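Trainee: I would like a close look at one part of this model, followed by its setting in the rest of the chain.

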Amino acid sequence: MSDLKHLMRKNYLEYASYVILDRAIPDAIDGLKPVQRRILHTLFTIDDSKLHKVANVAGQTMAYHPHGDAPITSALVNLANKGYLLDMQGNFGNIYTGDPAAASRYIETRLSSLAKETLFNKAITKYISSYDGRNQEPVCLPAKIPLVLLQGAEGIAVGMSTRILPHNFNELLKAQIAILQKKPYEVWPDFPTGGLIDASDYQKGRGKVKVRAKLDIVDTKTIIVREICPGTTTESLINSVDEAAKKGRLKIESINDYTSDKVEIEIKLPRGHYATDILDALYAFTDCEVSLSSQILVVKDKLPWETDVHELLELHTKTLKSFLKQELELARDSTLRKVFEKTLEQIFIENRMYKKIETIKTYPKIHETIALQLKPFHRKLTRAPTYEDREKLLNIPIRRISKFDFDRHLDEIKKLKKELLEIEKNLKRLTHFTVLYIENLLKKYGDLFPRKTVLKTIQEIDRKKAVEKQIKVGIDYEKGFVGTKISSSQSFTCSNLDKIVLFFNDGTYQVINPSEKDYVHRGNRLLWVAPIDKDRIMSCIYKDPKTKYAYAKRFTVSKFILKKVYSFIEKGMQLELLTADPSSIVYVHFVPKPKLKQKKITYSLDDVAVKGVSAKGKRIASKEVKKISLTDPKNQMTFC
């Protein structure tokens, strides 16, 4: 048994670790889940600036990703629809309507110029073996943009989840500049579907935001939905409006969807209803307003890290500076090598060192001769030439030596030295260089990503006031109908949000919503109908048909399930009287018997304690009861 427990614990921990690190949670640096990183790496590997069939990309990604092509294709389509890293051709679905993408064999993609410029550099990327050991894949891409905040991410792992809301490209990069310059900054979510956002409770990504669809009032009877909330589609929004209409929250005449590349949902209102009056109800009871919580959890150094937007952005800025420093150092080393090689080549050809090796027959002696000739020129070089350097000199073709242009060669060396000075200068003022790099990205790509979601303070809507209105409910006790369209002399006025309680002569009651017309007979006679009031005290007297003893009871209806039938007296009992008058006094008439001195008594229902609706009643007297009558005819009571 202990072995089994150990095995289960070990396997579960391995599974949990795999789901967290390799499936559900994005990396803190490149903001990608493994499948997304493998897709981008595949596209970079096969990139030829032409579009590739998605089916082909998915197939080649399977060399790195140990799963089928369907989840790879789904992840690729999702990544493409975010609009930053992939160029698309064909039907990749519609984020507004929720329509799926076409089959992978019909759609094409490639890396965007932004992705090529900011995500890849083999020289500073760490690689590991793929799952089958045949290929090398990146551990993390050297992302020079805060991709995790730019695109957003959602994932559910074992015991943890993440929900990172997307942000605006320009605002994130400007915030990075502010971090480098030690200035204050703020960033807010920005959704591809647009809409209006209240981020007053965002708390740097640890709180929540409220988002509204953009509604335009065309005329007094027409509302057009121009932008929708994230996480919703035009279909789900239309369904929510229909559902709210069915529940009586709002009135609509028709709703039509004309969405294509832009959202356009037309809501027509019936006679007597106006667009300005229905806006609050649309926000309160439909998908025209949603609340989104943010929880930022990412993988950092192979461990889950719960953080906020500012900490994550500061980490990205620090990492960007580190990446640029590495690239500058690599460029410096490369330029130094080129200057050395060109200077060495010039010395070799200018001093005709090749002439002195023409008669030497042994290869080691040739190297020795060149080494001796180069020795006086070491001071002109950054280092002493090695065997490999001399090999390169020996491999220079005669044709190139004969056509060697000294002036052009000197110009090339001067140009390289100038580049070297610029690189050294940038390394010394790395912060300034990083700011210039970000500003260049803003200049090249900033106009492609304007803010789509408008920041706005959204007032809390009182859901009750949004749709509350007074209605008149008619009651037909004889036929058993209740509703706003029942013509009857007996009626009451209530709010359309109120619940209605129905009492029947068999000792049962039911709670319903007010509607136009409800048939509530159920084979029992309807006794009393009213808007439900949890503080209203109901009083009743009922009799046991066998013993003819009478019982009194007072109760309130405070808890209920709509349309469920409840009993307020015990099964088999006979209801004699029901009233909502809190201080009723009645006559209790006893069954006549020999030697019975007292034929009736007065009984105050006010003396009965108020209990739960399921409690038993209090016996009125230890005598058989014949009937109950009123002491005051004006009392509002219902006799059964």
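How many bridges join strand 11 (residues 222–227) to strand 13 (residues 265–268), and in which sense do the two pair?

Mentor: Strand 11 and strand 13 pair in the antiparallel sense, over four bridges. The model is predicted, so local features need pLDDT of at least 70 and side-chain atom pairs count only at pLDDT 80 or more, while totals for chains, interfaces and linings use all residues. Residues are numbered from 1 along each chain as its sequence is written, and side-chain values use heavy atoms, without hydrogens and water.

Strands (E, at least two residues) and helices (H or I, at least four) are DSSP runs numbered from the N terminus, and two strands pair if DSSP finds at least two bridges between them. Within strand 13, Ile265 is the bridge partner of Val225. Strand 13 is also joined to strand 12 (residues 254–257), again antiparallel and by four bridges. There, Lys268 of strand 13 stands opposite Ser254.

As for the setting, the protein chain has 16 helices and 34 strands. Its C-alpha atoms fill a box of roughly 155 × 75 × 50 Å along the principal axes. Of its 640 residues, 46% count as buried, that is, under 20% relative accessible area with a 1.4 Å probe and protein chains only (exposed is over 50%, partly exposed in between). Contact means heavy atoms within 4.5 Å; among contacts between residues at least 6 apart in sequence, 67% join residues at least 24 apart.

Strand 21 (residues 500–504) pairs with strand 24 over five bridges, with Val501 opposite Ala530.

Helix 4 (residues 69–81) has 13 residues and should span 18 Å at 1.5 Å a residue, which agrees with end C-alpha atoms 18 Å apart; the expected span is 1.5 Å times one less than the number of residues. After the helix comes Gly83, with a positive phi near 90 degrees.

The largest nonpolar core contains 106 residues, of which Leu40 and Phe169 touch the most other members. Such a core is a set of buried Ala, Val, Leu, Ile, Met, Phe, Trp, Tyr and Cys residues joined through side-chain atoms within 4.5 Å. Beyond neighbours within four places in sequence, Leu40 is in contact with Leu32, Leu79, Leu85, Leu86, Leu111, Leu119, Phe120 and Leu141. A second, separate core has 19 residues, among them Phe503, Phe568, Ile569 and Leu575.
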